[in-house]
Amino acid sequence: MTSPTLAPPRSAVLRAAGLRHRPALVTLLTMMAVVSLALLAHGWYLHDGLERTGASSCDPAADACTAAYKQFLRQYGDGLQEFGAVLYVLGGAFGAFLGGPLLAREFEHGTVRFAWTQGAGRTRWTVGGLVVGGAALTVVAALFGLVLRWWSEPLTLRDGRFSPEVFVQTPPVLVGRVLVAFGVAALAGAVLRRTVAAVGAGLAASVALPFLAHAVRAHYLPPLEEPRHSMVPMALDDRWVLNVWFSDPAGNRIPGDAFYGLGDFARLQALVRDGGYTAHEVYQPADRFWPFQFVESGWTAALGVAACAGAVWWVRRRAY
């Protein structure tokens with residue numbers, strides 16, 4: 001007669017998960033530390049360039065400030081846009097590299113057969129690994145986001161905080177992005193049982209998510225509308241301008257092509273200023289930046305948690 005296997009306490013399960021995935025966590029920390037050091041060195045170079053050219057302390061509305069920023073880009077901006085684009089697309093990729101092997105490697109090596117016969121069982125075994133990996137990833141991503149936010153300040157001076165490259169590199173949104181990549185990779189690992197395929201699924205989610213988020217971001221809160229009698233935006237408050245439409249002196253909305261066909265810039269400026277035409281600016285105000293950050297972080301983190309829950313369900317119900 002055999003005695004039943006007693007389930008270990010939760011702390012033991014989490015501790016065992018930490019030991020089991022310690023090599024992957026150490027690799028993650030090392031990779032992100034190397035990238036952070038590179039960003040700190042390059043960021044110091046960029047910020048020093050802003051100070052030297054005078055672009056960091058001038059009035060954005062002045063022509064001299066525009067000239068100073070152009071000089072900064074000529075002298076210090078080599079590779080800035082390309083590097084920013086890579087970070088924009090792959091900023092959440094670290095989650096894929098941690099989540100992909102988390103379950104897939106265990107299936108590939110066959111260690112699940114031993115792990116499931118222990119007291120923890122397949123559900124607690126899976127949850128333990130996901131909790132440890134997800135918690136470590138959240139902390140590291142938040143710290144990494146602070147470095148990215150500081151590095152991307154030169155981009156903020158040109159495009160504003162709502163620009164896609166800057167918005168997705170701020171800590172709350174970055175945490176949500178890496179959790180989605182982590183959850184999708186873990187779920188793919190449980191279903192496909194192949195590490196390379198799981199990492200690829202997480203990378204695909206990391207690439208696709210910024211474009212999906214940008215498509216819906218403007219609708220988090222209803223935009224505001226403000227009429228103006230100038231072709232040049234009057235507000236320099238870092239607002240996110242979504243659209244500009246025009247109305248004629250009778251108040252009728254006219255197509256943009258029809259309005260721009262009325263003459264050159266000087267002629268259009270005269271029509272808007274003195275001719276009864278009005279430009280209507282549709283925008284999200286600057287003070288919604290942080291609310292939008294937390295809204296996007298919330299739904300992306302929820303999506304990542306849902307993917308992790310799907311992985312737990314699959315291991316519990318469908319994995320054999």
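How many aromatic pairs does the count come to? I began with this and took rings of Phe, Tyr and Trp (its six-membered ring) as paired if their centres lie within 6.5 Å, with planes under 30 degrees apart counted as stacked, over 60 as edge-to-face and the rest as tilted; the count comes to 17 aromatic pairs.

**Ground rules.** I note that this is a predicted model, in which local features need pLDDT of at least 70 and side-chain atom pairs count only at pLDDT 80 or more, while totals for chains, interfaces and linings use all residues. Residues are numbered from 1 along each chain as its sequence is written, and side-chain values use heavy atoms, with hydrogens and water left out.

**Ring pairs.** I looked up Phe167 and Phe289, an edge-to-face pair with 5.5 Å from centre to centre and 85° between the planes. Phe167 lies in helix α9 and Phe289 in helix α14, so this pair ties together parts that are 122 residues apart in sequence; I take helices (H or I, at least four residues) and strands (E, at least two) as DSSP runs, numbered from the N terminus. Both Phe167 and Phe289 are buried, where buried means under 20% relative accessible area, exposed over 50% and partly exposed in between (1.4 Å probe, protein chains only).

I then turned to Phe246 and Tyr260, whose ring centres are 5.5 Å apart with planes at 85°, so that pair is edge-to-face. Phe246 belongs to strand β2 and Tyr260 to helix α12 (residues 256-260), 14 residues apart. Phe246 is buried, with a relative accessible area of 2%, whereas Tyr260 counts as partly exposed at 46%.

I also found a cluster linked by ring pairs, which includes Phe162, Tyr220 and Trp240.

**Helix α11.** I recorded that α11 (residues 195-217) has 23 residues and reaches 32 Å from its first C-alpha to its last, close to the 33 Å expected at 1.5 Å a residue, the expected span being 1.5 Å times one less than the number of residues. A kink of about 30° lies at Ala208, shortly before the proline Pro210; the bend at a residue is the angle between axes fitted to the seven residues ending there and the seven starting there. Among the buried residues of α11 are Ala198, Gly202, Leu209 and Pro210, and what covers the buried residues includes α10 (171-192) and α14 (289-317).

I checked Arg193, in the loop between α10 and α11, and noted its phi near 60°, a positive value in a residue other than glycine. Arg193 is partly exposed, with a relative accessible area of 25%.

Key: Contact = heavy atoms within 4.5 Å.
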